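Subject: Structure handover

Hello,

Here is the structure to look through. Please open it next to this email and follow along.

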Amino acid sequence: MKTYTYTEKKDTRSGFGAGLAELGRTNPNVVALCADLIGSLKMNEFIDENPERFFQIGIAEANMMGIAAGLTIGGKIPFTGTFANFSTGRVYDQIRQSIAYSGKNVKICASHAGLTLGEDGATHQILEDIGLMKMLPGMVVINPCDYNQTKAATIAIADYDGPVYLRFGRPSVPIFTPADQKFEIGKAVQLTEGTDVTIVATGHLVWEALEASKVLNEAGISAEVINIHTIKPLDDKAILDSVAKTGCIVTAEEHNHLGGLGESVARVLAQHKPTPQEFVATNDTFGESGTPAQLMEKYGLNSDAIVKAVKTVIKRK
Amino acid sequence: MPNIKELNDFTTQVRRDIIRMVHKVNSGHPGGSLGCAEFFVSLYQEILETKEGFDMDGIGEDLFFLSNGHISPVYYSVLARSGYFPVEELNTFRLLNTRLQGHPTTHEGLPGIRIASGSLGQGMSVAIGAAQAKKLNNDDHLIYSLHGDGELQEGQNWEAIMYASAKKVDNLISTVDLNQQQIDGSTDDVLPMGSLKAKFEAFGWIVIDIEKGNDIEAILKGMAEAKSLTGKGKPVCVLLHTVMGNGIDFMMHTHAWHGKAPNDEQLANGLAQNPETLGDY
């Protein structure tokens, strides 16, 4: 079994900041907007190097989405930055009409997604954003797993013409993907080969899935772990090819089971190859205050929960 | 010098187009469309500096954004009669598979439209973004936008109004269609907004009034003044005092025709008040 190790932990939002800074140097059309959260979004480097291409909007996310749409008219590639909650639910109609329906080339970059935002609590911990965004026609939805992948994704979406929702987070997590990776939108990444169960995970849950696969391996269960960094468009083929081998699947995400990756996978399986599936996700609930680790444990979003789900799903084969 | 008679004749034809379009599909918004007919004709025939053809980026030309998208009939009529698409296409308004959707959109690729509007209160932010893109592109052309007065009840406008002055977006002329009507009644009945002039000025804009918002000469004079006030560090607001339903007597001075189509008899009456000038589609 292929194993993954890490020497450093970093937050995925810093990967976004590093990717944006690189875009500032390489793509003169990239502009950035922020609604009073520069430090939280790690946008300082871009701003220091390209002050004329940065727009501080103030605490006015609706206005930010409209301005971003307008900036595309004239050839700019706007990257908006705020928390995931304020990037989606707060501004859904602005994104729907002025960006998605209007087909504007806006990159909605959302930090502090999910429970791992931590102590600020449920007002800021959105667990519905993937669902909101994937339902918008034409919207690409990406949730990378570590610093390197978030940086690569940030750079890659500038070359894609159309609206993108890029979701990342606050906590430091292991860096285990290559620094020089080429990020392909919509292309799943198989991390381990296995024969007993498929685990597809997105975002912070990808590392947890790898940790789970080690535990499972010791118990004699061979898990195939797939990193689904792009939830829409979903890599149907990668999922179907894997379950053809394993015959069961666990999906893992830091999101409500309603509207998330698991539901997208279930749709593909129901249509093409009905397969036993277990969901590692929140169960139609809001979050609460706590440390990220405490919250992930309480809400069943860690490697232990994945191991448990695997043991359940294998029995259903 | 603009030929005012020709522009008035153009407007008369636009009024015919508006009520014929709405009548045919028994839906749409004639009241606000008629109230802004002179403004649209002035804008597209005299005011906007545009290039030949249409592209989305609009670099090197003035751009217009309609925020109160429900007045699509006047927008479509004037765009078609200004050469953006065939006038015959007005026949397809609101029909299945049309490019002339109920509210304007880029989705079907209709030339002349750069943003979808309909859900109210979003257009000023978009116009500001386009204005800031012009500055980044060192393009000294202007951004024009139009907003309903009732639409200003949407909070996003005030985010945008605050931002535009703070960031010195002085290549923007936002016009408010001040007809004092909205769906449920007069704006004073539904939600009084007090002095819009005082509000815009308090938010740091230059504000001018065009008292005769259905008089083409007054519009041209007022908009020329507005243009002369751009580039001075502040965005410019034009309060365009209009009469909803203008040009068709039984539709005037009431909110009743905001979103209602005329019947056969009412159509005939309205058309009789506005004889054909450029030729019906």
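Start with A:Asn105, in the loop between helix 6 and strand 5 (107-111) of chain A. Helices (H or I, at least four residues) and strands (E, at least two) are DSSP runs, numbered from the N terminus.

Before going on, note that this is a predicted model: local features need pLDDT of at least 70, side-chain atom pairs count only at pLDDT 80 or more, and totals for chains, interfaces and linings use all residues. Residues are numbered from 1 along each chain as its sequence is written, while chains are lettered from A and ligands numbered from 1 in the order in which they are written.

Is A:Asn105 buried or exposed? A:Asn105 counts as buried, because it has 23 C-beta neighbours inside 10 Å. The cut-offs are these: buried means 20 or more other C-beta atoms within 10 Å of the residue's own, exposed means 12 or fewer, and partly exposed lies in between, with C-beta atoms placed from the backbone. Leaving out residues up to four places away in sequence, A:Asn105 touches A:Thr72, A:Ile77, A:Asp161, A:Gly162 and A:Pro163. Touching, or contact, means that the C-beta atoms of two residues, placed from the backbone, lie within 7 Å. A:Leu191 is 86 residues from A:Asn105 in sequence and 31 Å away in space, C-alpha to C-alpha.

Next, the domains of chain A. The assignment gives domain 1 (9-174) and domain 2 (189-311); such bounds come from an automatic or database domain assignment. Their centres, taken over C-alpha atoms, are 25 Å apart. The contact takes 28 residues from domain 1 of chain A and 30 residues from domain 2 of chain A. On the domain 1 side, the elements that give two or more residues are helix 7 (129-134), strand 6 (140-142), helix 8 (147-158) and strand 8 of chain A.

Now look at helix 9 (205-218) of chain A. Its 14 residues reach 20 Å from first C-alpha to last, close to the 20 Å expected at 1.5 Å a residue. The expected span is 1.5 Å times one less than the number of residues. Its buried residues include A:Trp207, A:Glu208 and A:Leu216. The buried residues of this helix pack against several elements, among them strand 10 (197-201), strand 13 (249-256) and helix 13 (303-315) of chain A. Just after the helix, A:Gly220 takes a positive phi of about 85 degrees.

Strand 13 of chain A is mostly covered: eight of its eight residues are buried. Four bridges join strand 10 of chain A to strand 13 of chain A, and the two run parallel. A:Ile199 stands opposite A:Val250 there. Strand 13 of chain A also pairs with strand 14 of chain A, in the parallel sense, over five bridges. One bridge pair is A:Asn256 with A:Thr282. Two strands pair if DSSP finds at least two bridges between them.

Chain B has an open sheet of five strands, in the order 1-2-3-7-6, with parallel pairing. Strand 1 (63-66) and strand 6 (206-210) of chain B stand at the edges with a single partner strand each, so one side of each has no neighbour in the sheet.

Last, the two chains touch. The contact takes 23 residues from chain A and 29 residues from chain B. Which element of chain A gives the most to its side? Helix 4 of chain A does, with eight residues.

Best wishes
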